[in-house]
Amino acid sequence: MKAAAPEATQQQQEAGSDAMPGLHHANNAPVATTAPAAVGEALGSGGAQKAGGPPAESGAASPKQTKEEGAPLAHGSAPSTALGRVGEGVKGEHGAGGTPGASAATSVERKATHATSNSSRPKAKAGAKGGVLGGIASKVPGASGMKDAKMSGGPAQIGKGPAPGQKHAEIYTYASKDMVYGLAWSIRRDKNFRLACGSFIEDYANRIEILSLDDERDETSQLQLAHPSLSFPHPFPATKVMFLPDVGTSRPDLLATSSDYLRIYNLSDTRDDGTSGVELKTVLNNSKNSEFCAPLTSFDWNEDDMSKVGTSSIDTTCTIWDIEKEVVDTQLIAHDREVYDIAWGGAGVFASVSADGSVRIFDLRDKEHSTIIYESPKPEVPLVRLGWNKQDPRYMATVLMDSSKVIILDIRFPTLPVAELQRHQASVNMLAWAPHSSCHICTAGDDSQALIWDLSSMSQPLDGGLDPILAYHAGAEINNLKWSSLQPDWVAIAFNNNVQVLRV
């Protein structure tokens with residue numbers, strides 16, 4: 001399933017022109033080729049900074065460092081992994097990773113400072129034994145009968161249950177009735193192993209299902225519907241599903257979805273009488289003055305200010321909602337064409353990608369301007385996915401439509417990618433940064449592969465480009481993937497009508 005971009009109908013485009021009062025148009029006049037100082041300041045203020053990379057040189061327009069370099073996860077080494085090791089020297093069909101023909105970066109900030117030298121790259125902590133993928137590549141051969149997963153040799157061989165003496169299985173599967181697209185992990189502490197999936201039916205009638213796994217996981221455990229009442233109807237396929245990004249238990253248990261509108265659901269504990277534990281809390285429409293709505297392509301929930309949700313739409317706008325007051329906080333004409341994805345980089349900074357082929361950063365303190373940090377090497381080739389590294393917000397990843405490459409960007413050096421990941425054999429559909437590591441990313445696509453990459457070596461010469469360190473073959477095109485931040489040794493993928501949870 002390709003990362004397809006919906007086309008706007010005439011009615012929907014008319015709906016976009018009838019957007020909220022006070023709509024801001026973000027201008028983009030060429031001024032500088034470095035990331036603006038305002039963005040760096042915004043990322044480094046107000047608790048938005050979670051950087052995990054090396055410190056920047058003096059005078060850099062980059063966020064302050066508040067964490068130890070490349071701090072690894074402290075969950076210990078997993079007994080084995082559902083992803084097979086990619087052997088050394090494995091080559092994809094693509095050649096060496098290079099940079100595409102770069103177009104001039106466009107910054108609309110009136111003043112910009114010079115960025116640091118490009119010798120600064122995400123690095124893993126030296127000598128780290130545990131953490132995300134820590135030591136796994138060297139332990140996989142022979143672990144629970146697992147074989148190396150050569151790119152040319154097919155998927156890793158995975159047993160259906162745990163190895164002798166091992167309590168946890170390495171993979172859990174849930175078979176839904178319909179094709180699955182939407183996918184989301186819950187990070188709430190009292191819901192230890194919970195995720196949501198949304199159906200993809202080209203019709204009005206779709207569904208959202210809340211899945212769970214027993215806390216005491218063993219060979220008899222199954223990934224299953226948490227309760228019959230937690231399968232509920234949803235209008236149209238959900239383009240994205242997301243739980244409230246809060247580990248605490250004091251806030252309401254909320255789930256958001258995007259399709260024609262942004263919907264917020266309140267999830268309650270399963271009742272003894274079997275009645276529904278899901279209540280539609282609110283439906284938010286960013287085009288109040290029209291009976292038509294411009295479909296939402298994606299949204300993101302701000303982890304630093306959980307009252308804010310940003311949505312992207314085919315009407316060229318990005319809308320920032322205050323979900324507590326249920327009103328629009330800001331609406332921007334963000335791009336020249338449809339906006340396909342949005343990601344927060346801090347309390348007041350977000351980025352978006354569009355059919356116009358650009359990645360733009362917005363600072364809510366200056367709503368009249370934005371900064372273009374990357375443009376497609378080919379004119380008018382859409383960018384369809386965007387991921388902002390939560391551990392080191394200087395780095396982003398994006399995907400071009402119908403492309404097998406993943407572009408890694410450093411916002412301090414606009415225009416040129418710092419790396420290109422080129423080992424997929426077909427279009428990439430989704431990407432996810434590791435939630436507790438600044439230098440690992442997972443990608444998945446139409447080649448049925450989920451690949452995990454270690455970007456700590458980007459500053460070193462690479463013969464033939466960067467190779468993934470782990471790979472998994474799903475047997476069908478992977479539509480979506482999510483990396484759990486509550487339990488970071490688990491990655492969920494969606495393909496056909498299946499949801500699989502893999503230990504990494």
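# Close-up views of a predicted model

**View 1. Asn-302 and its surroundings.** The side chain of Asn-302 has a polar atom 3.0 Å from the backbone oxygen of Gly-346. This is a polar contact, defined as a pair of N or O atoms within 3.5 Å; within protein, one must be able to donate a hydrogen and the other to accept it, and residues adjacent in sequence count only if both atoms are side-chain atoms. The model is predicted: local features need pLDDT of at least 70 and side-chain atom pairs count only at pLDDT 80 or more, while totals for chains, interfaces and linings use all residues. Residues are numbered from 1 along each chain as its sequence is written, and side-chain values use heavy atoms, with hydrogens and water left out. Asn-302 sits in the loop that runs between strand S14 (296-301) and strand S15 (308-313). Helices (H or I, at least four residues) and strands (E, at least two) are DSSP runs, numbered from the N terminus. Asn-302 counts as buried because its relative accessibility is 0%. Buried means under 20% relative accessible area, exposed over 50%, and partly exposed in between (1.4 Å probe, protein chains only). Apart from neighbours within four places in sequence, Asn-302 is in contact with Pro-245, Lys-308, Trp-344, Gly-346 and Ala-347; contact means heavy atoms within 4.5 Å.

**View 2. An open sheet of four strands.** The strands follow the order S4-S32-S31-S30, and their pairing is antiparallel. Strand S4 (171-175) and strand S30 (478-483) stand at the edges with a single partner strand each, so one side of each has no neighbour in the sheet. Two strands pair if DSSP finds at least two bridges between them. Strand S31 (residues 490-495) pairs with strand S32 (residues 498-503) over six bridges, in the antiparallel sense. Trp-490 has Arg-503 in S32 as its bridge partner. In general, strands of a sheet pair through backbone hydrogen bonds, either parallel or antiparallel.

**View 3. Salt bridge between Glu-326 and Lys-281**. The closest N and O atoms of this pair are 3.7 Å apart. Glu-326 lies in the loop between strand S16 (317-322) and strand S17 (327-333), and Lys-281 in strand S13 (residues 278-284), so the pair links distant parts of the chain, 45 residues apart. A salt bridge is a side-chain nitrogen of Lys or Arg within 4 Å of a carboxyl oxygen of Asp or Glu. Both ends count as partly exposed, Glu-326 at 35% relative accessibility and Lys-281 at 39%.

**View 4. Salt bridge between Arg-337 and Glu-380**. The two side chains meet at 3.0 Å, N to O. Arg-337 is in the loop between S17 and strand S18 (339-344), and Glu-380 is in the loop between strand S21 (370-375) and strand S22 (383-388), so the pair ties together parts 43 residues apart in sequence. Arg-337 is partly exposed, with a relative accessible area of 32%, and Glu-380 is partly exposed at 48%.

**View 5. Salt bridge between Arg-394 and Asp-392**. The N to O distance is 2.7 Å. Arg-394 is buried, with a relative accessible area of 0%, and Asp-392 is buried, also at 0%. Elsewhere, salt bridges that share partners join Glu-170, Asp-489 and Arg-503 into one network. The structure holds 18 salt bridges.
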